[in-house]
Amino acid sequence: MVSESNSNLPQELLEDILSRLPYKSLSRFKCVCKFWYTLFTDPIFRALHLSHFIKHHAFNDSVFLRLSFPTTSYGFYMQNYKLFSLSNNDSSIDDTFLPRVKLLSTKFRISGHSTREFKCLPDSNMLSKSSFALAVGLGYNSITDDYKVVRIWSVDTGVYTTNRMEVYSLSTDSWTRMYNSNTRDFDFADDCFALFFKGTYYWWGFRRGDKSTIILALRTGDEIFHKVSAPDNVDISKPEGRSLAEWKESLSLICCSGFGLNMSIDIWVMKGSGAQDSWTKMQSVTSLLLEEPKPLVFWKGDELLLETCGGEIKSYNVVTQKIKNLKIEDRPVLHSVQAVNYAATLASIKGGTCLT
Amino acid sequence: MSSPVEQITVVSSDGDEFKMTVAAAMQSEQLKQMLTDDSISIVKVPVENISTEILVKVIEYCQKHADHEAATKANGGGASDSEAEELNKWDAEFMKVDVEDKLFHILMAANYLEIKGLFDLACQTVADLIKGKTPKQIRKIFNLKNDFTPEEQERLSRQHNCSFD
């Protein structure tokens with residue numbers, strides 16, 4: 001009844017095969033049998049799977065576009081979100097409706113795209129009437145397979161206002177207060193989280209003194225923020241004309257200069273550890289003939305996603321200089337865009353190693 | 001003092017004998033170990049768990065890849081993109097077998113003989129073959145039983161939105 005050859009496939013060969021499957025397939029195959037269900041949560045298997053995944057996928061193959069737009073409901077004004085995911089195999093966009101990172105005033109959610117789970121983070125004891133969150137950043141440590149969230153609060157103690165920092169770890173499902181941070185030396189911009197890249201969080205901020213715009217860098221596990229200046233004579237003060245993104249395994253700063261139709265987009269890359277003078281200008285994109293494009297992120301290698309002032313999303317290839325329009329169904333008319341590169345992971349959001 | 005070996009003979013589990021050039025045999029780590037060990041003088045290598053049908057395929061793979069390596073070396077260094085592309089295309093065609101069973105046997109043979117390229121190729125081919133299948137089809141292919149209880153199935157379906165069919 002059963003062809004004996006199939007049942008002869010040794011376990012380790014089967015596991016090797018499974019470790020080459022896309023995450024979507026693994027999610028689906030959880031219910032094949034109990035052994036497979038348990039196997040997919042085994043850290044050794046997950047490490048093997050991740051190593052295959054990394055070998056065959058460039059990090060920026062997939063992008064989330066979060067379009068936030070105002071709506072009114074029963075007379076209340078709300079910020080609403082629509083999430084789109086762009087993936088490498090086609091340039092069409094599908095609407096998933098599950099926010100990966102959703103900031104709701106002081107509450108915070110993480111969601112796993114492939115696993116379609118989301119989790120509301122527990123409130124920390126910083127939450128009170130006299131505090132509000134200034135900045136939040138989400139990061140992932142692939143070595144410990146753990147999500148971390150960094151949050152900085154502005155706290156009014158009654159006597160003075162100060163900034164406080166705490167870190168949330170998914171593996172412990174709790175917040176830890178950090179006491180030695182230097183968050184008093186600078187201010188954060190609105191909607192300031194830029195990027196998590198190679199173990200470092202990046203935010204947009206201002207120097208306390210001259211209010212010049214800087215990039216704030218925080219390494220995972222550290223409490224001290226480092227200030228990274230823009231390259232000389234480069235203006236990064238306008239949120240609509242700047243972006244920090246990963247490009248070819250390096251940190252890149254994309255910023256606009258010039259006016260109107262003479263606008264050009266400059267791409268700088270950070271070589272080295274982040275000392276001020278290590279920005280190198282890689283490319284300058286001119287004659288785009290787009291009015292005030294907002295740079296987003298790189299994806300698919302050399303493609304740069306841009307938002308035009310008309311709210312359309314375009315993809316510009318910095319090598320071939322070709323522009324592609326990306327059609328988004330049901331795109332809200334007035335919106336602001338945030339784009340995030342992502343890699344689909346099996347990591348369960350519910351915490352711990354259990355997939356339930 | 002042994003004269004340099006230029007060919008070796010491998011014997012399938014069915015008893016059939018096949019000649020392989022040394023270059024082709026070197027694609028297999030196992031055969032390579034035997035060939036480079038001076039204390040062993042081999043003429044015939046029995047590969048007990050590989051049938052004739054599969055062995056023929058394996059030898060074909062080894063020979064093709066050995067030839068490719070030799071050609072690359074002759075051209076002084078790295079393979080050009082088009083040559084690599086051509087080899088990939090050959091590999092893809094090579095893996096088009098009519099029965100899934102054959103794929104598994106090739107995989108096991110590559111594992112036994114330690115032919116890394118063929119092993120990776122076969123694993124990936126199987127992975128690509130099964131990635132779109134339903135759990136039911138997967139169970140059939142790998143002869144697995146659905147050992148979840150009905151309650152567990154219900155709970156999982158609800159929580160993970162996955163289908164057991």
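**Close-up views of a predicted two-chain model**

**View 1. M270(A) sits in strand 17 of chain A.** That strand covers residues 264-270. The model shown here and in every view below is predicted. M270(A) is buried, since its relative accessible area is 9% and the cut-off for burial is under 20%. L253(A) is 17 residues away from M270(A) in sequence. In space, the C-alpha atoms of M270(A) and L253(A) are 7.9 Å apart.

**View 2. An open sheet of four strands in chain A.** The strand order is 11-12-13-14, and the pairing is antiparallel. Strand 11 (186-197) and strand 14 (226-228) stand at the edges. Each of these two has a single partner strand, so one side of each lacks a neighbour in the sheet. From one strand to the next, the twist averages 30 degrees. In general, strands of a sheet pair through backbone hydrogen bonds.

View 3. Strand 12 spans residues 200-207, and strand 13 spans residues 213-219. The two run antiparallel and are joined by seven bridges. One pair to look for is T200(A) with its bridge partner in strand 13, R219(A).

**View 4. The largest nonpolar core, with members from chains A and B.** This core holds 53 residues. Five of them touch the most other members: L9(A), W36(A), M20(B), L118(B) and F142(B). Beyond its neighbours within four places in sequence, L9(A) is in contact with L14(A) and I17(A) in chain A. Across in chain B, L9(A) is in contact with F104(B), L107(B), M108(B) and F142(B). A second core of 34 residues is separate. Its members include M165(A), M178(A), Y201(A) and L251(A).

**View 5. Helix 2 of chain A packs on helix 6 of chain B.** Helix 2 of chain A contributes L13(A), D16(A) and I17(A) to the contact. Helix 6 of chain B contributes F119(B), C123(B), V126(B), A127(B) and I130(B).

**View 6. Helices 5 and 6 of chain B pack together.** Helix 5 spans residues 100-113. The angle between helix 5 and helix 6 is about 150 degrees, and their axes are 8 Å apart. That makes the two helices roughly antiparallel. This crossing is left-handed. From helix 5, the residues in contact include E100(B), L103(B), F104(B) and L107(B). From helix 6, they include L118(B), F119(B), A122(B) and V126(B).

**View 7. H65(B) lies in helix 3 of chain B.** Helix 3 runs over residues 52-74. H65(B) is buried, with a relative accessible area of 12%. Setting aside neighbours within four places in sequence, H65(B) is in contact with Q27(B), L87(B), W90(B) and D91(B).

**View 8. Chain B as a whole, with eight helices and three strands.** From the N terminus on, the elements run β-β-α-α-β-α-α-α-α-α-α. Chain B has 165 residues, and 37% of them are buried. Of the contacts in chain B between residues at least 6 apart in sequence, 59% join residues at least 24 apart.

Notes: Residues numbered from 1 in each chain as written. Chains lettered and ligands numbered in written order. Predicted model: local features only at pLDDT ≥ 70, side-chain atom pairs only at ≥ 80, totals over all residues. Heavy atoms only, no water. Pairing = 2+ DSSP bridges. Axes fitted to C-alpha atoms, helices over the stretch in contact; angles between N-to-C directions. Core = buried A, V, L, I, M, F, W, Y, C linked by side-chain atoms within 4.5 Å. Buried < 20%, exposed > 50% of the residue type's maximum accessible area, 1.4 Å probe, protein only. Contact = heavy atoms within 4.5 Å. Parallel < 35°, antiparallel > 145°, perpendicular 65-115°, else oblique. Left-handed = near helix turned anticlockwise from the far one by under 90°.
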